[in-house]
Amino acid sequence: MRRKRIELKKEDRAELERFSTTGVHSVRLVTRAKIILALDEAGSRLGEKQEVLAKRLGVSRQTIITARDTFLSLKSVPLFLQRKKRQTPPVPAKITGELEARIIALACSKAPEGYANWSLRLLAEKCVELQYSDSMSHKSVSRLLKTQLKPHLKTSWCIPPKQNSAFVAAMEDVLSVYARPYDKNRPVICMDEKAYQLLKDACQPIPMKQGKPKREDYEYLRNGTCSIFIFTEPLKGWRYTEAFARRTKIDWARCIKWLLDKQYPDAEKIVLVMDNLRNH
C-alpha cells in the first residue's frame, strides 16, 4: 500500500510560514498550517514520527492524519487555509420571537377553570389547541420560561386595564413589524430616548490593585442631566446614539431629519418604531 507523504513546493511553504507567523487567524487554522510544515520537514510517512510530532504540537495523532489527508485531497494551500463557512442556524428555530411572546403571555394569564396554576404540559397543550404551533413539548416550554421568566425580578411594564382583544391586536401588530424580512428600501428603524443623570465623584476613587477591585465612595456630586437618543436597525446590525442637553420636540425633529436626509436618503419609506412620549 502506497504511503502518503507531504512534499511542499517552495511557494506553498512560504505561504504556510507567512500564515502561521503573521496576522490574526483562527488557532485551528494556524495549527493545521504548522502540522503541514512539520510533516514536510520530517518527510513524514504513515505512522512514522507522528507520535513525537503530535506531542510537540500539542495535538492528537488523529488530528495530524486528518490535516494531512485534507491537504492532499485539496491540493491547494489557499483552500486548505480557508475557514469553512457554517450555515447558521443549521436547523430553523421552532420557537420564533412571535411564538415566544404568545407563550409568555399565556403563562402570565389566568389558568383555565379547574386549575390553580398553569402547568408545563397544560401550556404545551394549549399552544397546540390555539394553533400557535403544530406540536409543542412541555420541555420546550420549560426551557423558554426558565430563560425568560424571573419571578425574583420586578420591572415596569405596560399593563392594560383589562386583557382585551384591542390590546392583543396592537401587540401582534408590533410583532408583525419586527417579523418582516429585511428590505433596504423600506428599513425598520427603532428609536428611543432616555434621560440620564450625570454624576461626579466627591472623593477620589482608590485604583484597583492585584487582588483588589477599584473602590469608590458612595457619596457623589450631581452634574445635571442629559438625554440620550438612540436609533437602531436590528436586521442590519446598525446603531447610532447621540446625547443632547434636553429632550424637546425640536431635538426629536432634528434627529428624524438627520435620519431621513443623512442616513437613509435613498429609502422609499422608513418604518419607525418608537414609544408614545409627548414630544413624539
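I am working on a predicted model: local features need pLDDT of at least 70, side-chain atom pairs count only at pLDDT 80 or more, and totals for chains, interfaces and linings use all residues. Residues are numbered from 1 along each chain as its sequence is written, and side-chain values use heavy atoms, with hydrogens and water left out.

**Strands.** I took helices (H or I, at least four residues) and strands (E, at least two) as DSSP runs numbered from the N terminus. Two strands pair if DSSP finds at least two bridges between them. S2 (residues 220–233) is antiparallel to S1 (residues 188–201), over eleven bridges. I found Tyr220 in S2 as the bridge partner of Asp201. On to S3 (residues 238–244): seven bridges join S2 to this strand, again antiparallel. There, Phe244 is the bridge partner of Ser227.

**Helix H1.** I checked the span of its twelve residues: 17 Å from first C-alpha to last, close to the 16 Å expected at 1.5 Å a residue. The expected span is 1.5 Å times one less than the number of residues. Next I sorted by accessibility: buried is under 20% relative accessible area, exposed over 50%, partly exposed in between (1.4 Å probe, protein chains only). Arg13, Leu16, Phe19 and Ser20 are buried. They lie on the same side of H1 because they cover an arc of only 130° around the axis, taken from the directions from the helix axis to the C-beta atoms. The face turned away from the buried side carries exposed Lys10, Glu11 and Thr21. Just after H1, Gly23 takes a positive phi of about 80°.

**Cores.** I used sets of buried Ala, Val, Leu, Ile, Met, Phe, Trp, Tyr and Cys residues joined through side-chain atoms within 4.5 Å. The largest nonpolar core has 20 residues; Leu8, Leu16, Ile36, Leu39, Phe71 and Leu81 touch the most other members. H1, H2, H3, H4 and H5 each supply at least two residues of this core. H2 gives the most, with eight. Apart from this core lies another, of 13 residues, including Leu99, Cys127 and Leu144.

**Tyr132.** I placed Tyr132 in the loop between H7 (120–129) and H8 (138–148). Tyr132 is partly exposed, at 27% relative accessible area. Contact means heavy atoms within 4.5 Å. Not counting residues up to four places away in sequence, Tyr132 touches Leu99, Arg102 and Cys127. The C-alpha atoms of Tyr132 and Arg102 are separated by 7.9 Å, 30 residues apart along the chain.
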